[in-house]
Amino acid sequence: MTTAVTDPAQERLRRWRLVLGGDTADGTGCALSGQDAAMDGALTALYGKGDKPQTGRERSAGLGASAPSVARWLGDIRTYFPSSVVQVMQRDAIDRLGLATLLLEPEMLEAVEADVHLVGTLMSLNKAMPDTTKETARAVVRKVVDELEKRLATRTRATLTGALDRSARVSRPRHHDIDWNRTIAANLKHYLPEHRTVVPERLIGYGRAGQSVKKEVVLCVDQSGSMAASVVYASVFGAVLASMRSVSTRLVVFDTAVVDLTEQLDDPVDVIFGTRLGGGTDINRALAYCQSQITRPAETVVVLISDLYEGGIRDEMLKRVAAMKASGVQFVTLLALSDEGAPAYDREHAAALAALGAPAFACTPDLFPEVMAAAIEKRPLPIPDPV
């Protein structure tokens, strides 16, 4: 816990001192001690390498390239800061100080706070990772994947099961399959006031939940560097969908090449390590492959997850989307599947897809089940308001 301060004015000075870093011009005149000083040291190690000359110990420390010092620092920040702050500081350390290569050492991986962004970094380092590190890296990724599945799987299955049942309504249902709410709404014109009842001339029922496949889902995921978090979440959702007997799920990742990872969907960790972040982008080629795999267009949902920076043939890409929609495919375009919102994306391509009836928008993992349910039921997508 932080040093106790009872005076509100002094507390404000203390906080400003931690933010500003104690340079001679910070103007607080506030000295730190105890845990506050230790917290300041951890912040200094990461954020103290500015362009200004340094004096004394103020903002002069650094992590350098020493694995032991970085490991100690990782332990310190986990002691002094909450998990959400630790994850931000780790990402900043990787970006600002070039510490990604240190993650190739098993000891370092065991010290970090595992999250989606760390998994993305490990994905980018996969090819350079020595065998001695891969087992530890898989354990780190497994921990993150298990936490995501625990958070997302139950609600996803429940939401999509309801959508699948509603989309399979029949007009001559058995008594226990009747959807009474919709049946009454459809027969209100047959209300008999004298009997205070509705005489249903048309019954609407749920389709019987059998073992047959009701819907085909194709997840087509851009694996360019900016899409790391989206690849992680798509892998988890792909595994959840693949576990549902009434959904046939295909997962395709692409850059300038196209890789079908469907056979690995039973383990999202295998999917994640089967991707390779970076490289170019050929959306048209990826969609051509997906289109070739569609056998029941009217029962198929294609989800393109991409920032839409197309390196292939733009007009062919748009023609392909138009052709799939014309055949009955429900086409969904997500600029990102992550908690951070939309990354930089090609606005011209997004506008062109919107004109085809496939509006592009960023989607959080919590919203994704609702988006898929709407696509399955062929109703308007729950597009979030732009920020």
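This is a short walk through one predicted chain, from the overall numbers down to a few residues.

Okay, ground rules. It's a predicted model, so local features need pLDDT of at least 70 and side-chain atom pairs count only at pLDDT 80 or more, while totals for chains, interfaces and linings use all residues. Numbering runs from 1 along each chain as its sequence is written, and side-chain values use heavy atoms, with hydrogens and water left out.

Big picture: the chain has 14 helices and 8 strands. Those are DSSP runs numbered from the N terminus, H or I with at least four residues for helices, E with at least two for strands. Of the 387 residues, 47% are buried. Buried is under 20% relative accessible area, exposed is over 50%, and partly exposed is in between, with a 1.4 Å probe and protein chains only. The accessible surface is about 19100 Å², and 52% of that belongs to carbon and sulfur atoms; areas are Shrake-Rupley with a 1.4 Å probe, and for residues only the protein chains shown count as cover.

Now, cysteines. How many disulfides does a search of the whole structure find? The search comes back with 0, where a disulfide means two cysteine sulfur atoms within 2.5 Å. Take Cys 290: its closest cysteine sulfur is in Cys 220, and at 3.7 Å that's too far for a bond. Cys 290 is buried, at 1% relative accessible area, and Cys 363 is also buried, at 1%.

On to rings. We count 1 aromatic pair. It's Phe 237 with Phe 368, centres 4.5 Å apart and planes at 40 degrees, so we call it tilted. The rule takes rings of Phe, Tyr and Trp (its six-membered ring) with centres within 6.5 Å; planes under 30 degrees apart are stacked, over 60 edge-to-face, and the rest tilted. Phe 237 sits in helix α9 (residues 228-242) and Phe 368 in helix α14 (residues 368-377), so the pair ties together parts 131 residues apart in sequence. Both Phe 237 and Phe 368 are buried.

One more inside residue: His 349, in helix α13 (residues 347-355). His 349 is buried, with 5% relative accessible area. Skipping neighbours within four places in sequence, His 349 is in contact with Leu 308, Glu 310, Arg 314 and Met 317, contact being heavy atoms within 4.5 Å.

And what about the outside? Val 19, in helix α1 (residues 8-20), is exposed, with a relative accessible area of 59%.

That's the tour. Thanks, everyone.
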